[in-house]
Amino acid sequence: MTGAAHADAVLDRTGLGELVRALVRRGRTVVGPTVRDGAIVLAELSSADELPYGWGVELEAGHYRLRRRDDAMAFAHSAGPQSWKTFLHPERVRQWSADRAPDGSLTITAEPDDPPSYAFLGVRPCDLRAIAIQDRVLTKGPHTDETYRRRRDGAFLVVVECVEPGATCFCVSMGTGPAAHGSYDLVLTEVHDAGGHRFWARAGSEEGAAVLAELSPAPADGATAEAARAGVERAAGLMGRTMPEVDLRLMLRGTLEAERWNDVAARCLTCGNCTMACPTCYCTTTEDIIDLTGDHAERWRRWDVCYDMDFSYVHGGVVRGSGHSRYRQWLTHKLGTWHDQFGSSGCVGCGRCIVWCPVGIDITEEAHALHAESLDRPAPGPGGGEERA
């Protein structure tokens, strides 16, 4: 059959295994969710059997727990501690090394970079938008990040639409989910009902259609498609968090002296966990390492965070010396001035910064509190709900 004939099909669990094998045959390194060390993490998969069938998660501010589900769904869990930037924009990359010979001559060797041909299985719609945002930041400006570009070029994306959001999700507020929008190769929507456990699959590219044609799916049927659409629509109404329904960029411009910044600064540890977990934060620094002999040196690029005291260091001192100013910089950039730089928000509503903050600071609660203060109203509780006591 032709690829066009399979552009819309239904896969069962066996078909999902065929998909992984088809991608491996094409020379792809398949990365997807799997259970490891008490969490659902992203790792290289050799088989679809490694997917987290029957596992879900409990999420809250500063809280993450695995839980067993009553069914065998593979993707009914929310964003885990990692995002796809772990593979596209690695945490630590050696850029070059230098060696000094006994005669004093110096040899500098650029680090070879031959990344795998990736296939990402299980990309959430919010993370699909995050990849698009990092594409804009790292490849669309005057200076291209070649490390990112080499990993990103040709990566095969299998998106999975969300049918069961977590308590910290707010993708609807950010316009990033739970349905898939953007550029991808395949999109799956998982259905588990009286008709069985299956995946409604659609191709989003020529290569996606070609891969689907290599499988042995069932023809798409109206019942599965309708159940899939209903699941995504239902998920849109189950978001655990919201953002204020205002222009956040304009709202934040007027809150730079708000009292709320002192409130959050009293709780923030300036640890940078939120930036590490965030799928769009991109800042890096360089680090030079010299061995004890002085004859071998290496330069490494690694992630950096705007919570670091030295991040804003310039000749004469640190620009943002207080935790108050550093948290304010992060939030106003993420939700506000990112628009001025890159034409979009830097937040995709995945909720990772809420879950992985050790003191449970909630970006949506802070945004609602700042909005309430700007209107001289009492601050709402987490997610914009009832007023705080």
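Two residues are said to be in contact when heavy atoms lie within 4.5 Å, and with that meaning the buried residues of helix H13 pack against helix H8 (248-253), helix H9 (260-265), helix H11 (323-342) and helix H12 (352-355). The structure described here is a predicted model.

**Helix H13**

- Helix H13 covers residues 363-374, which makes 12 residues, and the distance of 16 Å from its first C-alpha to its last is close to the 16 Å expected at 1.5 Å a residue.
- Because 10 of the 12 residues of H13 are buried, this helix is largely enclosed by the rest of the structure.
- The buried residues of H13 are Ile363, Thr364, Glu365, Glu366, Ala367, His368, Ala369, Leu370, His371 and Ala372.
- After H13 comes Asp376, a residue with a positive phi, near 60 degrees.

**Aromatic pairs**

- The count of aromatic pairs comes to 14, and one of them is formed by Tyr64 and Trp356, whose ring centres are 5.0 Å apart and whose planes are at 35 degrees, so that this pair is tilted.
- Tyr64 belongs to strand E5 (residues 63-68) while Trp356 belongs to the loop between H12 and H13, and the pair therefore ties together parts that are 292 residues apart in sequence.
- Phe87 and Phe120 are both buried, and together with Trp84 and Tyr118 they form one aromatic cluster.

**Salt bridges**

- The salt bridges in the model number 30, and one of them is where the side chains of Arg25 and Glu214 meet, at 3.5 Å from N to O.
- Arg25 lies in helix H1 (residues 13-25) and Glu214 in the loop between helix H6 (206-213) and strand E12 (218-219), so this pair links distant parts of the chain that are 189 residues apart.- Arg25 is exposed, with a relative accessible area of 57%, while Glu214 is partly exposed, with a relative accessible area of 36%.
- The side chains of Asp113 and Arg150 meet in another salt bridge, at 3.0 Å from N to O.
- Asp113 is in the loop between strand E7 (106-110) and E8, and Arg150 is in helix H4 (residues 146-152), so the pair ties together parts that are 37 residues apart in sequence.
- Asp113, with a relative accessible area of 24%, is partly exposed, and Arg150, at 32% relative accessibility, counts as partly exposed too.
- Which residue forms a salt bridge with Glu366? The partner is Arg260, and the closest N and O atoms of the two are 2.8 Å apart.
- Here again the pair links distant parts of the chain, with Arg260 in helix H9 and Glu366 in helix H13, 106 residues apart, and both Arg260 and Glu366 are buried.
- Salt bridges that share partners join Arg25, Arg26, Arg28, Glu207 and Glu214 into one network.

**A nonpolar surface patch**

- Met309, Tyr313 and Val318 make a nonpolar surface patch of about 270 Å².
- Val318 lies in strand E16 (residues 317-318), and its 33% relative accessibility means that this residue counts as partly exposed.

**Backbone details**

- Most residues other than glycine have a negative phi, and most peptide bonds are trans.
- The peptide bond that joins Gly177 and Pro178 is cis, with an omega of about 5 degrees, and Pro178 lies in the loop between helix H5 (171-174) and strand E10 (186-193).
- Asp37 is not a glycine, yet it has a positive phi of about 55 degrees; Asp37 lies in the loop between strand E2 (29-36) and strand E3 (39-44) and, at 78% relative accessibility, counts as exposed.
- Thr270, which is not a glycine either, has a positive phi of about 50 degrees; Thr270 is found in the loop between H9 and helix H10 (273-277) and is partly exposed, with a relative accessible area of 22%.

Methods:
Residues are numbered from 1 along each chain as its sequence is written. This is a predicted model: local features need pLDDT of at least 70, side-chain atom pairs count only at pLDDT 80 or more; totals for chains, interfaces and linings use all residues. Side-chain values use heavy atoms; hydrogens and water are left out. Helices (H or I, at least four residues) and strands (E, at least two) are DSSP runs, numbered from the N terminus. The expected span of a helix is 1.5 Å times one less than its number of residues. Buried means under 20% relative accessible area, exposed over 50%, partly exposed in between (1.4 Å probe, protein chains only). Patches are made of residues with over 30% relative accessible area and no salt bridge: like charges are joined within 9 Å, nonpolar side chains (Val, Leu, Ile, Met, Phe, Trp, Tyr) within 5 Å. Accessible areas come from the Shrake-Rupley method with a 1.4 Å probe; for residues, only the protein chains shown count as cover. A salt bridge is a side-chain nitrogen of Lys or Arg within 4 Å of a carboxyl oxygen of Asp or Glu. Rings of Phe, Tyr and Trp (its six-membered ring) pair if their centres lie within 6.5 Å; planes under 30 degrees apart count as stacked, over 60 as edge-to-face and the rest as tilted.
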